[in-house]
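Biologist: Could we go through the pockets of this protein together, with the sequence and the model side by side?

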Amino acid sequence: MRHKIAIFASGNGSNFGALADACLDGTIRDTEVALCVCDKPGAYVETRAREKGVKLLSFSPKDYAGKRDFERMIADRLDEEGVELVCLAGYMRIIGEELLQRYGGRMINIHPALLPAFKGPHAIQDSFDYGVKVFGVTIHYVDNTVDGGKIISQQAVPYDGDEVDELETMIHAAEHQLFPATVDRLLNK
Ligand code: GRF
């Protein structure tokens, strides 16, 4: 049976693109992206989803009474689509109890630093400002802590230059390689 994944994103969606392409070209074996979930209507990831022919669930959290309500709506849709693994790829929202109860252990996140160092939303800039020389990328399970779940895989990105843009490009390139490889390994062990 083909595996089905969902990808949650809030912005640009380059990791969404990398995962979707990897499903199409077989880097992630026997898998399709069943759903893209976006909490920022109009974000560029939505254009990418349409271009790749991936079903899109776009919603505004403010249209719901609270997190539990929109997470219930998302989890119901994940159930309907038969999603096996949820990949958070720049989803800028803390996952709440409803999704954790229903998809905990089947939900992973990508973070642009070598955790447990440099948690939070500005990891690349924070590590650059700190003077780090070995940067990197982490894929981890999602739990009720911020960037704190059990680590699945990591890739180091050595950099000793002074251009944060250049560093960012290198880290994204590492992400686009590590995320598909990790998803393939989890689904096709
Ligand atoms: C990535 O750097 C990811 O590690 C972080 O958010 C960023 C998303 O980038 N969680 P993109 O939207 O996939 O281009």
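Biologist: About how much space lies in the second largest pocket?

Modeller: This is a predicted model, in which local features need pLDDT of at least 70 and side-chain atom pairs count only at pLDDT 80 or more, while totals for chains, interfaces and linings use all residues. Residues are numbered from 1 along each chain as its sequence is written, and side-chain values use heavy atoms, with hydrogens and water left out. On a 1 Å grid over the protein atoms alone, a pocket is an open set of points where a 1.4 Å probe fits, with protein on both sides within 12 Å along at least five of seven lines, and lining residues have an atom within 4 Å of a point. A volume is the space filled by probe spheres set on the points, and for the second largest pocket that is about 160 Å³.

Biologist: Which element gives the most to the lining of the second largest pocket?

Modeller: Helices (H or I, at least four residues) and strands (E, at least two) are DSSP runs, numbered from the N terminus. Among the residues that line this pocket are Thr 31, Glu 32, Val 33 and Ala 34. The elements that give two or more residues to the lining are α1 and β2 (31-38), and the one that gives the most, with four residues, is β2.
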